Amino acid sequence: MLIGTLNIENINPVKQIVKKCKRFSSSLEHSHQHIIIEFEKGLNPADLDASKVEAQILGYGEISTVFQIDGLELLACKRMPLFEKKSDAEAYERNYRLYCRHLSDAGITIPNDYTLVVENQGRPVTLYIIQDQLQASNFAHKLIHTESDKESESIIRSVVIEIKKIWDYNRQKSPDLELALDGQLSNWVKSGNQFIYIDTSTPLFKIKGIEQLDPELFLKSAPSFLRWLIRWLFLQDVMDRYYNLRQVFLDLAGNLYKENKPELIPAALKIINDNLDENDEPIIEKEVTKYYKEDKLIWALFLALRRFDRLLKTTLFRQRYEYILPGNIKR
Ligand SMILES: Nc1ncnc2c1ncn2[C@@H]1O[C@H](COP(=O)(O)OP(=O)(O)O)[C@@H](O)[C@H]1O
Ligand SMILES: [Mg+2]
């Protein structure tokens, strides 16, 4: 199933066994794997400039950092240092593959992708989810700033139509399968006259009602003594919202605040309300405002807790801190 699981302590090209992935991915070139392994080995998460292999950050996820690694300019490498054991990383990888397959079956276009599990003694096992790198200026959250309002509305309409495909698919597959999706504008990239969905690295889906993603993985990057609080406060809420079409649309509308284009909200709501399920209440702007405030608070709190954890680990306990947090990158 997987592309390759390589121990970077033991790089010997002759010994490396690279299993071809069966389905959607073709195998990542051997030399490319080598670069990623070297990158991971020499990475200094506390000071990227001090890392052995140079890289630029393309974006931050809740549980991943997206890199353009020197020598791999055509790829976007999503680093997830989340796993205690290789088998945990491989289980995640399998879920990821299955999720991507279902997204494609549902009619969503996703980029070419590869995966690589990297082991490094004394550190967490890291999964890299690697995609073709798409042009930054074609991301929907960028286009709404460079295109006319009319064109921006048309982009939002296209995104809404793409999102709906998931819920059409879920209806067909019910009750065996249910996919979730994060509809935010920064997850969609225009290519010709279609939109590609790039946020595939958090495989949220249920099989016969059972969640396939271990929610504790989200908590790995938060301080252990506060995990109960996060779990209790909002984890379930945050996960559930991606399964509900109306909530995903609400999130999309709220996203226009984050992207500094609130003037598009009334037009977006018109499009969204025309595409809601019959039984769903139309969304009004007041609800969007309230939702956005709460959402912002949740993620700000989560980030603040992670920063606190980093401070404790690096200063008090003098440990290595694995994650790279937004807002503190030296360039
Ligand atoms: N394939 C890609 N090509 C170029 N940039 C990317 C790609 N994938 C992700 N990014 C950048 O990283 C950001 C976060 O990636 P994403 O996969 O959406 O992670 P998250 O789950 O954290 O939202 C994107 O909004 C984009 O700016
Ligand atoms: Mg995203």
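**A friendly note on this predicted model**

1. Residues are numbered from 1 along each chain as its sequence is written, while chains are lettered from A and ligands numbered from 1 in the order in which they are written.

2. E4 also pairs with strand E3 (residues 65-69), again in the antiparallel sense, over 3 bridges. Val-66 stands opposite Lys-78 in E4. The hairpin of E3 and E4 has 5 residues between the strands, and Gly-71 there takes a positive phi near 95°.

3. How is E4 placed relative to the rest of the structure? It is largely enclosed, because 9 of its 9 residues are buried. A residue is buried if 20 or more other C-beta atoms, placed from the backbone, lie within 10 Å of its own, exposed if 12 or fewer, and partly exposed in between.

4. Ligand 1 brings E4 back into view: E4 (75-83) and strand E2 (55-60) each supply at least two residues of the shell around this ligand. The shell has 19 residues, of which Gly-59, Gly-61, Ala-76, Ser-186 and Asp-199 come nearest; a residue is near if its C-beta atom, placed from the backbone, lies within 6 Å of the molecule. By class, 7 are nonpolar, 9 polar and 3 charged. In this scheme Ala, Val, Leu, Ile, Met, Phe, Trp, Tyr, Cys and Pro count as nonpolar, Asp, Glu, Lys and Arg as charged, and the others, Gly among them, as polar.

5. Val-125 is found in strand E6. It counts as buried because it has 21 C-beta neighbours inside 10 Å. Leaving out residues up to four places away in sequence, Val-125 touches Phe-83, Lys-85, Lys-86, Asp-88, Ala-89, Val-117 and Glu-119; contact requires C-beta atoms, placed from the backbone, within 7 Å.

6. The largest nonpolar core has 63 residues, and those with the most contacts inside it are Cys-77 and Ala-253. Its largest share, 7 residues, comes from helix H7 (residues 245-258). Such a core is a set of buried Ala, Val, Leu, Ile, Met, Phe, Trp, Tyr and Cys residues joined through C-beta atoms within 7 Å.

7. Another sheet is worth a look: 3 strands form an open sheet in the order E7-E10-E11, with antiparallel pairing. Its edge strands, E7 (177-179) and E11 (210-211), each pair on one side only. E10 (residues 205-207) is joined to E11 by 2 bridges, and Ile-207 stands opposite Ile-210 in E11.

8. Finally, the whole chain: its secondary structure comes to 9 helices and 11 strands, and 31% of its 331 residues count as buried. The C-alpha atoms fill a box of roughly 60 × 45 × 40 Å, taken along the principal axes.

Note on methods
Predicted model: local features only at pLDDT ≥ 70, side-chain atom pairs only at ≥ 80, totals over all residues. Helix = DSSP H or I, 4+ residues; strand = E, 2+ residues; numbered from the N terminus. Pairing = 2+ DSSP bridges. Contact = placed C-beta atoms within 7 Å.
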